[in-house]
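Dear colleague,

Please find below the structure that I am handing over to you, followed by an account of what was found in it.

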Amino acid sequence: MEAASAPASTLEAPRTLVLGASRRRTGEALIRALLFCAALLSVLTTLGIVFSLSKETIAFFGDVGIGKFLTGTEWSPLFADPKFGVLPLVTGTLLLTAIALVVAIPLGLGTAIYLAEYAKPRTRKILKPMIELLAGVPTIVFGYFALTYFTPEVLNGLLGLDVPVFNALSGGIVMGFMVLPTVASISEDAMSAVPGSLREGAFGLGANKLQVSLRVVVPSALSGIVAGIVLGVSRAIGETMIVLIAAGQQPNLTFDPRESVETITTFIAATAKGDIASGSTAYKTIFAVGMTLFVMTLAMNAIAIRFVRRYRQVYE
Amino acid sequence: MSTQPQSSLRSVSGAARTKAIAFRIAMLLCLMASALVLGLLIFDVLGDGLPKLNSALVSNFPSSQSARAGLQPALFGTIWIIGVCLVFIVPVGVATAVYLEEYADSSKWWNRLIEVNIQNLAAIPSIVYGILGLAFLVRGPVSLGRVVLAGGLTLGLLVLPVVIISGREAIRAVPPSIREGSMALGATQWQTIWKQVLPASIPGVATGVILALSRAIGETAPLIVVGAATFITFNPGGLVGDSAGFSALPIQIYSWISQPQDEFKQLAAAGIVLLLGVLVIMNGAAIYLRNRYENKW
């Protein structure tokens, strides 16, 4: 980047001395300003998100009180006698995320180890896009799959579990496969970045491929692996459609995966679907809950970025 | 590099070797699990949806009777929204990418802020963009109402980071010698960008735009929040105003999934087959562009 712009400034200086092309240079400055404005739009987007969320959230806390919101165990904001305890939504979100991670972490890491350590370059070239294909499937399709195939055929049929149509388990497991490509692809990048000399050193000491993978490559790539997992968590927390379709909409303070739960995202989608009046408490709840979601994912992303930087610094 | 030490170990410990083979197979199975799920998913959707995938699906309007229900307004809604999205993300995304790659001095804090911010935007849940659209575009300062323009812009903001990030990569791949040559011939910086750098990076930028649009087509949650209609009996008639209410393919699919009857689930599956078909074509086009027009400098 610097390399490209540096010659520009050194070359332009003598040319202006000869030609004095002042008109053209105002044009150049104008274009630069326009491009900067376009870049600024992304910052404005973030500001817009923060502003719109916090404005209504503050109004909401004026109505409800922050203590009741954060510690209340009942969530029924649209009832005649509304209760605004966000905990059932948070536990619902965490339950779904945990189930997804139980699927995504082992399978994602296994996939990454196979691709980085075992697969020949040509097989890797075929297998990696297949994993990425999974990441390109719209989440509503995963939701349909969880509801019409995974719950009745796999959970009820194959495993003989007595779960209702809407349950956290099905949504969570299918969401695990949605998150898996994120975990696998970032971990695989980190493992491929581990220098070959480390592997050769271990082989030279008599280690076999299993020992090299688990005791040399995985520990060396750990910060990248953690980054992949954290980004996976962030995707799972923010996922809406799979949960909305397959896990039902019961605000339920439970960690039982067989039950139906409501998450932060499903509450937002389900509430916004009905035409609610601006300024009503129900309207403000969307924002208060959205703020909770935003803060959770922002924290996850900040952690992930820190870990990614660490593994890049070590080997590049 | 690995065979030599392994073969000397073989005589030492057969158990270790069995363990190593078992591990290798376990890792392969992890990878195959994804393939299995992808296969089952496609099998399930095709099995349910193919019988209903016919011209009536595309030409009919939604109906409470499954035999007469179709998704024409949703299809047109998606086309309108993606059109708005395209018109928005191409200029803004490319301009941002050009600014960050060609002009921005990354030692300045505001330029670093823009970069970090774009990384963060890419990871914000899509439903939060829906809330932004609801608060700013549908109601609040802009107050467009539940119209095509609001839906398209919301999705545009959502996928903008994809365009910016791939655009930057495409621009970075143009070697500095091209720029130096252009400027040595007397071109200004903008002339160099407009006549040399951007034309050379078109395949990369186009690939990014197609991938961004294919993400936008499948997004459901933000459109639910922004207020896409699940039951609508007309095609969108404009960007804003009374006739600009809209539905979209994934919204229609979701609406059908929510119905208890199996016939509607089959319609949903047919809609999914249509959606996946469009996505396969778009991704195929992206891969073709990348391979066909890739410049080797």
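Between which two helices of chain B does the loop that holds Ser143(B) lie? Ser143(B) is found in the loop between helix 6 (126–138) and helix 7 (148–172) of chain B, where helices (H or I, at least four residues) and strands (E, at least two) are DSSP runs numbered from the N terminus.

This is a predicted model, in which local features need pLDDT of at least 70, side-chain atom pairs count only at pLDDT 80 or more, and totals for chains, interfaces and linings use all residues. Residues are numbered from 1 along each chain as its sequence is written, while chains are lettered from A and ligands numbered from 1 in the order in which they are written.

To continue with Ser143(B), its phi is near 50 degrees, a positive value in a residue other than glycine. Most residues other than glycine have a negative phi. Ser143(B) is exposed, with 11 other C-beta atoms within 10 Å. A residue counts as buried if 20 or more other C-beta atoms, placed from the backbone, lie within 10 Å of its own, as exposed if 12 or fewer do, and as partly exposed in between.

Chain A has 13 helices and 2 strands. Its radius of gyration is 25 Å, well over the 20 Å that the globule rule gives for 316 residues, so chain A is more spread out than a compact globule; the radius is taken over C-alpha atoms, and the rule is 2.2 Å times the number of residues to the power 0.38. Along the principal axes, the C-alpha atoms of chain A fill a box of roughly 80 × 65 × 35 Å. Buried residues make up 50% of the 316 residues in this chain.

One of the residues of helix 13 (residues 281–315) of chain A is Phe307(A). Phe307(A) is buried, with 21 other C-beta atoms within 10 Å. Leaving aside residues up to four places away in sequence, Phe307(A) touches Ser223(A), Val226(A), Ala227(A) and Val230(A); two residues are in contact if their C-beta atoms, placed from the backbone, lie within 7 Å.

The contact between the chains takes 77 residues from chain A and 81 residues from chain B. On the side of chain A, the largest share, 18 residues, comes from helix 2 (residues 22–64). By class, that side has 48 nonpolar, 22 polar and 7 charged residues. Here Ala, Val, Leu, Ile, Met, Phe, Trp, Tyr, Cys and Pro count as nonpolar, Asp, Glu, Lys and Arg as charged, and the others, Gly among them, as polar.

The buried residues of helix 2 of chain B include Phe23(B), Met27(B) and Leu41(B). The elements against which the buried residues of this helix pack include helix 4 (87–118) and helix 7 (168–192) of chain A, together with helix 12 (262–292) of chain B.

Within chain B, helix 4 (residues 72–103) and helix 7 pack at an angle of about 35 degrees, with their axes 6 Å apart. Axes are lines fitted to C-alpha atoms, for helices over the stretch in contact, and angles run from 0 to 180 degrees between N-to-C directions. The contact of these two helices has 20 nonpolar, 6 polar and 4 charged residues. The axes of helix 4 and helix 11 (residues 249–257) of chain B come within 7 Å and cross at roughly 145 degrees. There, Ala74(B), Leu75(B) and Thr78(B) in helix 4 meet Leu249(B), Ile251(B) and Gln252(B) in helix 11.
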